[in-house]
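Morning, everyone. Let me put the structure up, and then we'll walk through a few places in it.

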Amino acid sequence: MLTAAVSRLHPPRCDPGRLCSGPTPGQQAFLLFGFAFLVIGAGGIRPCNLAFGADQFDPRTEDGRKGINSFFNLYYFTFNLAMMISATLIIYVQSNVSWSVGLAIPAVLMFFSCAFFFLGSRTYVKVRPEGSPFSSIAQVLVAAFRKRRLKLPDDHPEESLLDPPHLSSSLISRLSYTNQFRILDKAAIVTPEDEIKPDGYAADPWQLCTLQQVEQVKCIVRIIPVWSTGILYQLAATQQQTYVIFQALQSNRHLGRSNFQIPAASFVVFPMLGMSLWIPIYDRIVAPRLERITKKEGGLTLLQRMGIGLVLSVAVMTTAGVIEERRRSHALRHHRTVGVTTNGGAVSPFSSLWLIPPLILLGVSEAFNVISQVEFYYKQFPENMRSIAGSLLFCGFALGGYLSSLMVTVVHRSTGRGQSRNWLAEDLNKGRLDLFYYSIAVLGVLNLVYFAACAKWYRYKA
C-alpha cells in the first residue's frame, strides 16, 4: 500500500509522449521487501490455519467429526468468496478509483483479522507439540538403514518390534501395525546391543525407534503417490484459467445486443463461483442423503471424491477443447468478425458465454478434488504433522504451476518450428489451443488411471 500511496516509493507518473523513468534500486528493494513479508506471512498462515481450525473440533465425538467435515467445506467456501471479491471489487477500485485505496482495503482488513485472532486467543483449543516430526522421520530412516541386514520374522513381525506404552498428552492417536513398507519395520527391531530405558523407550532413538514412529513414516510414504496425482490435476486447472482470458478477448463478449462487454479478466471468477455454489449444496443436501445410502461418513470416501474431481477435470478440458474449436471455426470459416484485438487477431462472433460452463464445471471439480485433498491430508497424516499436511496442498499447487509453465514451453518449441503451426500462437485463430486442451485431457486420463491404482493400493490410517 505504501508503494502506491507515497510518491517517493514509486516511479513518477508516465505521461504519453514522454520517456518513462523506471524505479530506483531503493524503490525496487522496498517493493521486494513487501513481497518477502507476503511470502513469509502466507507460509505461516496457509499450512497452519486449516489444521488449527480443524483442531477446534473433537474427533473422538460424532459431532466433532461432522464439524471437521463441514469446516473444510466452509473454509473453502469463504476462501473462494474472498477471492471473488478480490478479483472483482478490489481490482475495480485499484483500476478505476485509486491504487492507494485499492491496496489500503486489504491492508485494513488484515489489521482487523489480526485483532480478531488475538482477541479470541483464550478460547482456542491448542494442541501441544510433541517434538520435531522431521527428526522423528530422520531417526526411522537412519535406524532402518543401520539395521537393513536384519531379518524380520514371517509370522506376527510386530511382536518383535519396540512398542512401548502410548504416553501422548495431546490428541495424537496410537497407530495400528500395517504390513506395507516392511523394510521400515527394521528400525524398531530390538537387538541385544540396544539399550531400553525404564519407560520402555530406546536410549538412542537413532539406533532403535518405536513402532509408533515407524507407522507415522509409513503414513507419509503412503500419502505421497496420492499427493502426486494432484500436481497433474493442477495442470488442467492452471491452463484452463489462464487461456480462457485470451479466448474471451477473441470472442464476442457483449451481453445480447447491448453495448456492455464482460471484462475478459472477469472470467477467472466463474470457477470460484462454481465451487462456492456447489459446496453448500453438497454439504447440506447431497452429503446427508448419500450418507443414508452408502452408510459412510460424508457420503463418499475421500479418495472417491478426489477421483470424481479428476474425472470432472478430464470432462472440463475436453469440453473446453470442443468450445475452442467452435470459436476458432466461427472466426475463420464464417468470415464475419466483431472486431480486432490489439495483437491483430480477429474477434470471433462466437459468444463468450459458451466459455462459462466448463469454468463452472472446473469449480465443481475443485470442490471435489481440492477440498478432499485437504481433508485427506489432515486426517491421514499423523496428528503431530498436520501443519506439514496443510502445506502439502500448496506445494502441489506450486509444482503444478511449474509443470504448467514447462508444458507451455515444450509446446511452443515443438509446434512453433519451421512450417508447423504454433498451437499457442498469440493470435488464437492461427493456433490450435483446442489440441492443447485435448492433450491435457489425455494426460488427465493417464493421471486418473494412476490415481485409481494408488487408491486401490492405499490403506487408510487406523
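Start with alanine 462, which counts as exposed because its relative accessibility is 65%, and the cut-off for exposed is over 50%. Keep in mind that this is a predicted model.

Where does alanine 462 lie? Look in the segment after helix H11, which covers 433-457. Now follow the chain back to serine 173. Alanine 462 and serine 173 are 289 residues apart along the chain, yet 9.2 Å separates their C-alpha atoms. Which residues does alanine 462 touch, leaving aside those up to four places away in sequence? Arg174, Leu175 and Ser176.

Next, a helix pair. H3 runs over residues 62-96 and H4 over residues 99-119. Two numbers describe packed helices: the angle between their axes and the distance between the axes. Here the angle is about 150 degrees, and the axes lie 6 Å apart. So H3 is roughly antiparallel to H4, since the cut-off is over 145 degrees.

Who makes the contact? H3 brings Ile90, Val93 and Gln94. H4 answers with Trp99, Val101, Gly102, Leu103 and Ile105. By class, the contact of H3 with H4 has 6 nonpolar residues, 2 polar and no charged.

Last stop, helix H9, residues 356-380. H9 has 25 residues and spans 35 Å from first C-alpha to last. That is close to the 36 Å expected at 1.5 Å a residue. Where is the kink in H9 centred? On glutamate 366, with a bend of about 30 degrees.

Definitions and conventions: Residues numbered from 1 in each chain as written. Predicted model: local features only at pLDDT ≥ 70, side-chain atom pairs only at ≥ 80, totals over all residues. Heavy atoms only, no water. Axes fitted to C-alpha atoms, helices over the stretch in contact; angles between N-to-C directions. Helix = DSSP H or I, 4+ residues; strand = E, 2+ residues; numbered from the N terminus. Parallel < 35°, antiparallel > 145°, perpendicular 65-115°, else oblique. Contact = heavy atoms within 4.5 Å. Nonpolar A, V, L, I, M, F, W, Y, C, P; charged D, E, K, R; others polar. Expected span 1.5 Å × (residues − 1). Bend = angle between axes of the 7 residues up to and from the residue. Buried < 20%, exposed > 50% of the residue type's maximum accessible area, 1.4 Å probe, protein only.
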